[in-house]
Amino acid sequence: QVQLVESGGGLVQAGGSLRLSCVASGTIISIHYMGWYRQAPGKTRELVARSTHAGDTNYADSVKGRFTITRDNTKNTVYLQMNSLKPEDTAVYYCAANIRPVGGAWNNYWGQGTQVTVSS
């Protein structure tokens, strides 16, 4: 059974930094995309950043130049370094990954979410 477990959320003042981590566990053959989405109250979930296995990345325009996504494929882990945080970055951040588990087909998996709150 595949699971994504996030960590690193919290409360920070505007201009501060946080680093999110997400580990994929279980019997995994391969992982294609790993990335981060967020959902603020009253808004739809949106892509923040994602990375392919090869390290190709894409970002939401609102976070370019402030957030950096990296992966450690040896640990099935993805990170999101968030700098220069703004109050509008406040949201629940979800890890997502496209995974092929042992004995299964490619599928999309989600973490439980971690709260990021940026105070002004």
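Does Thr 52 count as buried or exposed, and at what relative accessibility? At 11% relative accessibility, Thr 52 counts as buried, where buried means under 20% relative accessible area, exposed over 50% and partly exposed in between, with a 1.4 Å probe and protein chains only. The model is predicted: local features need pLDDT of at least 70, side-chain atom pairs count only at pLDDT 80 or more, and totals for chains, interfaces and linings use all residues. Residues are numbered from 1 along each chain as its sequence is written, and side-chain values use heavy atoms, with hydrogens and water left out.

**Overall architecture**

- The protein chain has zero helices and 11 strands; helices (H or I, at least four residues) and strands (E, at least two) are DSSP runs, numbered from the N terminus.
- Read from the N terminus, the order of elements is β-β-β-β-β-β-β-β-β-β-β.
- The protein chain is as compact as a globular protein of its length, because its radius of gyration of 14 Å is close to the 14 Å that the globule rule gives for 120 residues. The radius is taken over C-alpha atoms, and the rule is 2.2 Å times the number of residues to the power 0.38.
- The C-alpha trace spans about 50 × 25 × 20 Å along its principal axes.

**Burial, contacts, surface and charge**

- Buried residues make up 41% of the 120 residues of the protein chain.
- Of the contacts in the protein chain with a separation of 6 or more, 55% join residues 24 or more positions apart; contact means heavy atoms within 4.5 Å.
- The protein chain exposes about 6300 Å², of which carbon and sulfur atoms supply 47%. Accessible areas come from the Shrake-Rupley method with a 1.4 Å probe, and for residues only the protein chains shown count as cover.
- The 11 positive and 7 negative charges have mean positions 3 Å apart. Lys and Arg count as positive and Asp and Glu as negative, while His and the chain ends are not counted; each charge is placed at NZ of Lys, CZ of Arg, CG of Asp or CD of Glu.

- Strand S1 (residues 3-7) has Leu 4 and Glu 6 on its covered face, and Gln 3, Val 5 and Ser 7 on its uncovered face.
- S1 pairs with strand S3 (residues 18-25) in the antiparallel sense over five bridges; two strands pair if DSSP finds at least two bridges between them.
- Within S3, Ala 24 stands opposite Leu 4, and Ser 25 is the bridge partner of Gln 3.
- S3 also pairs with S8 in the antiparallel sense, over six bridges. Val 78 in S8 is the bridge partner of Cys 22.

**Individual residues in strands**

- Gln 81 lies in strand S8 (residues 77-82) and is partly exposed, with a relative accessible area of 27%.
- Beyond its neighbours within four places in sequence, Gln 81 is in contact with Ser 17, Leu 18, Arg 19, Arg 66, Phe 67 and Thr 68.
- Gln 81 and Gly 65 are 16 residues apart along the chain, and their C-alpha atoms are separated by 11 Å.
- Asn 108 belongs to strand S10 (residues 107-110) and is exposed, with a relative accessible area of 53%.
- Leaving aside neighbours within four places in sequence, Asn 108 is in contact with Ala 97 and Asn 98.

**Individual residues in loops**

- Thr 52 is placed in the loop between strand S5 (46-51) and strand S6 (57-59). Apart from neighbours within four places in sequence, Thr 52 is in contact with His 32, Tyr 33 and Arg 71.
- Asn 76 lies in the loop between strand S7 (67-72) and S8. Although Asn 76 is not a glycine, its phi is positive, at about 50 degrees, and its relative accessibility of 25% makes it partly exposed.
- Ser 84 is found in the loop between S8 and strand S9 (91-101). Ser 84, a residue other than glycine, also has a positive phi, near 50 degrees, and is partly exposed with a relative accessible area of 42%.
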